Structures are given as C-alpha cells and as structure tokens.
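Let's take a walk through this protein together, from its strands to its core and its aromatic rings. Keep the sequence and the 3D view at hand as you read.

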Amino acid sequence: MTQPIKDYALLGNLRCAALVGRNGSIDWFCPPRFDSPACFTRLLGTEEHGFWQLAPQSPAQDVQRHYQPDTLVLCTEFDCGDEGRVRITDFMPLNSEALIVRRVEGLEGRVPMNMQLVPRFGYGARAAHCEEGARGVSLWDTDGQRLLLKSDSPLGIGTDNVSASFALDAGEVREFTLFHLLPEQQPDVHADPQQLLDDCVLWWHDWVRQCSYHGRWREAVIRSLITLKALTHEPSGSMVAAPTTSLPEAPGHGANWDYRFCWIRDAVWALDILIDSNYLTEVRAWINWLQRVIERNDGDMRVLYSVDGQSANGEHDVDWLPGYLASRPVRVGNGAHDQHQLDVYGQLVDLLHVARRGGAHLTQQDWHDQRRLLDKVIACWHQPDEGIWELRDQRRHYVHSKVYAWVALDRSIRDAEEYGLAAPLEHWCAVRDEIHDEICRKGLNPQRGAFQQSYERACPDASLLMIPLLGFLPIDDSRVQATIAWIEQDLLRDGLVHRFPPQDSFSGDEGSFLACSFWFADNLVMSGREGDAENMFARLLALRNDVGLLAEQYDPRYGLIGNFPQALSHLALVKSAYLLQACERVHHGGEPERHSYKPIS
C-alpha cells in the first residue's frame, strides 16, 4: 500500500532526487536528472514497480526521523522493543554521479535487518538483469544504464533483484552504496562512505552559513531554503517545481501533473527568496540560464522548460502505473508548456528589478533582454491567457495576469529612471497607465467592489492576493480590502485558503493551496492584523511533516497532497517569515529590511 505523502523525506545531489519513506523504503528515484525515467516507482504503484528498502525484519514499535542540522542528510531511528534500536543514515553525495549511500548503525541490542533492492527501469516497466562482478552487483537495463550496488554485507543475487539479511549489534555499522551509471561510465567504488558523509555534511554547513536570515523561525526557513537548493539543477542553474510527477491534487481524479520542470514563475519567486537570503551565486547562475533561453527563443517565453533550458517534451500517460491512491492517469511531460501565460514576463522583469536592488551585478545584455521582454508584453498584454493556474481550454482575461503585465512596465520604468538605462519612457508610462486603468475598470466586480478572477468570471481567486504584495494598489485601498474579505469569506476553509471555487469533476474538490494560504497571511500582516497572520503562519508550519517538508496542498482527508516537496510552498513560507520579521522590526523601532513585498507607491 502507498505510504502517505507526509511519510516521505527528500534526498538529493543538485541533479536528481529520491524519496525515502518512514519504513526505510526508497520509492522514488529518477537518475541521473530530475526528469529522467524513474527506476524506483513504488510511489505511483506497487512493489512490482521498483523500490529499495532497508529496515528491521520485525515491525518497529516507533520510528523517529530528522535531518542532521542544516543538511540534507536523513537519520531514521527504528525502535524494535526488546530487540534493540538501529539508525539508518541516508544521503546523496554532491558530485556528478547519481549516488545514494545508506549507512545502518546498531544503537542498542541485536536487531535483525533486511535489505531488498528491486529496480524497475522506465517508470517500473522493465526488470533488471543482475550480474555479480569485482566491483559489486550490477543491475542492467536494456538501454545500457545500470545500477551498481556495493556493500560490506553478503548479498543474495536473484535474477532481477538483490537482497541481504543480517543482524546488527550495538556499535556495528553496515554500509550500502548504490551508483547509477550511464553506458561507459565508471564508478568510484573506492570512495569511503564515511568520508562521503563528512564531505556532504560540510558542504551543506558551508552553504547554510551564507544565509542572512536569523529570525525566530530560523529552523523552518533554513529547512525550506535547503529544500529549494535541493531542487536546483546545479549544472544548468535552473530549478524544478518539485521532484515528482502525478501526485494528485484531488485523489481519485485526473489533475495529476508532472512538476519535474523549471516553471519560470516558481523559479523567479524562489530566486527572489535567495536574493533576500544572500545567495547571489544561485541568482547569477539562473540569470545566465535565462539569458540562454531568451536568446534561443528571441524573447518569446514559454511557461516551463526542461532543466537544461530546452522546450519541455509533450505530455503522455504511463498507463501501466495505477497511480498514487488510484489517481490516474500518471503523466510524464507537461502539456502546459504550450500555454500562453502573460504573468511569466512580469515575473521575469520583477526578478531582474529585485536583483538590481539586491546588489547583483547585471550587465547591459541583461537590460537588452529585459527590453525584449517588455516588447512582448506591450504586444500581447491585451490578449487572454490560461493564467497562473493553467486551467486548460479556459483562456480568459485573468486579472492576475494583467497585474503582472503592469508589473513588467512599472519595474522597467523604475529601473530606467534609477539606473540611467536607455528606454522609451514616455511610451512605457502610457502603456503602464493604460493597463492599470483597464484592470480597475474591467477586473472589478461592481456588486462587491472587489477584484474578480477574470474580466469574464465573477468569482474570487487567491492569486488576487498578489495585488497589494506587488504594489499595484496599497493595502488600505477599499478595493483591496474588499478582495481580501471576499477570499476570506468564500475560499478560506478550515483555516486554509483554496485557489478558487471548485471547477469541475475532472479536478475534483482539491485541497487548500498552501502557497495561497501564506499569501493570505502576508496580506493580513500588511493589513495590520499581525495576530491573525501569526496564527495562520503557525498553522501552516504545523502542516509540515516530521522532517519539515510541505507538498503543494493539504486536505484533511489525506493530509499533504500534490507533488512533493513543493518549491512554491517552501518559498512562500520563507517570504512570510521575512515579512513577519520585518513587521517585528518596525514595531521595535528598527528599519524594515529590503523586501519585494514592500508596497511601491
């Protein structure tokens, strides 16, 4: 049976990722790149679809997990009662290979252990071919890739799997190292697992040490920043929205999407967080990635890209997988890559604007690229689009999209004025004012005096919470307050915010959208309702799993749901923490810190 999403923890090496459950089973692993076909796919199926489990033979009476402080090194302790206790340490070294190290240590007594390695390549479609050699046990796929298992324990070799059974005394350690290898790739089988662990811990400690945040939510902020970093594809500089595909937004329905791509929107918001947190190296790497994409596409931006900046592959169903909680279809690829989403341009421009303010060194080429993005906005801002929520076959004039068109003009005008950059300012100012005027005329619901989802659809939408956060209107504007009240009345359920009213039977009655709930808390802070904001923030923090991770959504029937862990949820958490801290500083007579949510007059 599939484990609850909250029972999984993330491992990663800045190239690909794995999910390991509380039961010691790695049920998701997509080497060598985030969007590669999985060779452990039990997360979306059954044992038949591949896993790697290391656990006590007898069911544990208690399981406790934690990441080593300020790292992505996972420790899982199994209390087996009279038999004793063991600890499994799981991590992925930060090098060019896709490599998982599992180290099990006896803490008390004598605990019988089992190890089962059952890979199924191609998202669970193909069994491995096993072969023992001098370097370890190879498990081959028909396409030439292979897994290589090296261990100091005796291994039992089956036709398509590897197993081990052993008893562990207190103080005794066994180690299992799994390499993923492409054809002709040779592993470093002489690498010492303990040295790999020490190096991994040191790397993460050095990275965390750069962080400028030292507020009272440091533990949650650091864990979220580590998660965002783990979703970064270091060779290219991009970032995936999540390391999984097809974890459902509403279990049993069809809204199951592949998130192993770089969404421009999510990456921009994450990089804004990294600027706040003093991680300018990551920002520069992503801007370099962006420059390559803009040049390749002549400024015509898509919604999402593969991690190397290429257009995403078409979407298809993996019909042999039953799906998480029988939620079909399981999808690979994402059809949203062909959508028109106007807000992408505004988000890119806002990132460049924030980067300049945050001290990143931007070049004349960056300004040239920004102007090309502005040309696209001016040419198409009046067109309908699919909007932030990517509602398929529902092109409308979404207010959130139009607001970001205004942001693109507004930030570029400010950049040109402040930094003396060449620009047709009179024309830009005229278009900016035209967009603002149209939104306030056509996007306002006359009965409520509040902004509605689109010019065509009179319903609330949580994306409208961005209006004051982006400085389109001040927080105390009556239209903004009416919008917040409408969202609070119609979209706030059980203390959390949903994106929009239920859409259709295809999407089902999805859970609350965690990023929107953080945005609502941000609006409460800016409205002077700090107590309500802190209560919501505390409630959201309590939804994290035992190792501090969040999915896309939360449903009281299932717990965390949607792709996991979700970059958008974690970056929204960090943003809210910064905003609450800035509010505290002001109340105590200090100066507010730089923050992109500071209203722009």
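**Strands, core and rings**

Start at Arg-146, which stands opposite Leu-181 of strand S15. Before going further, a word on the basis: this is a predicted model, in which local features need pLDDT of at least 70 and side-chain atom pairs count only at pLDDT 80 or more, while totals for chains, interfaces and linings use all residues. Residues are numbered from 1 along each chain as its sequence is written, and side-chain values use heavy atoms, with hydrogens and water left out.

Strand S15 covers residues 173–181; helices (H or I, at least four residues) and strands (E, at least two) are DSSP runs, numbered from the N terminus. S15 pairs with strand S12 (residues 146–151) in the antiparallel sense over 6 bridges, where pairing requires that DSSP finds at least two bridges between two strands. Strand S8 (residues 98–118) also runs antiparallel to S15, joined to it by 8 bridges. Within that pairing, Leu-99 has Phe-179 of S15 as its bridge partner.

Now to the nonpolar cores, meaning sets of buried Ala, Val, Leu, Ile, Met, Phe, Trp, Tyr and Cys residues joined through side-chain atoms within 4.5 Å. The largest has 200 residues, and Trp-52, Leu-225, Trp-286, Met-301 and Trp-519 have the most contacts inside it. Helix H14 (residues 567–587) gives the largest share of this core, 11 residues. Leaving aside neighbours within four places in sequence, Leu-225 is in contact (heavy atoms within 4.5 Å) with residues including Trp-207, Ile-273, Tyr-279 and Val-574.

Which rings pair up? Rings of Phe, Tyr and Trp (its six-membered ring) pair if their centres lie within 6.5 Å; planes under 30 degrees apart count as stacked, over 60 as edge-to-face and the rest as tilted. By this rule there are 18 aromatic pairs. The pair of Phe-518 and Phe-537 is edge-to-face because the ring centres are 6.0 Å apart and the planes lie at 65°. Phe-518 belongs to helix H12 (residues 514–526) and Phe-537 to helix H13 (residues 530–542), 19 residues apart. Both Phe-518 and Phe-537 are buried. Elsewhere, ring pairs link Trp-269, Trp-389, Phe-500, Phe-513 and Trp-519 into a cluster.

How values were computed
Buried means under 20% relative accessible area, exposed over 50%, partly exposed in between (1.4 Å probe, protein chains only).
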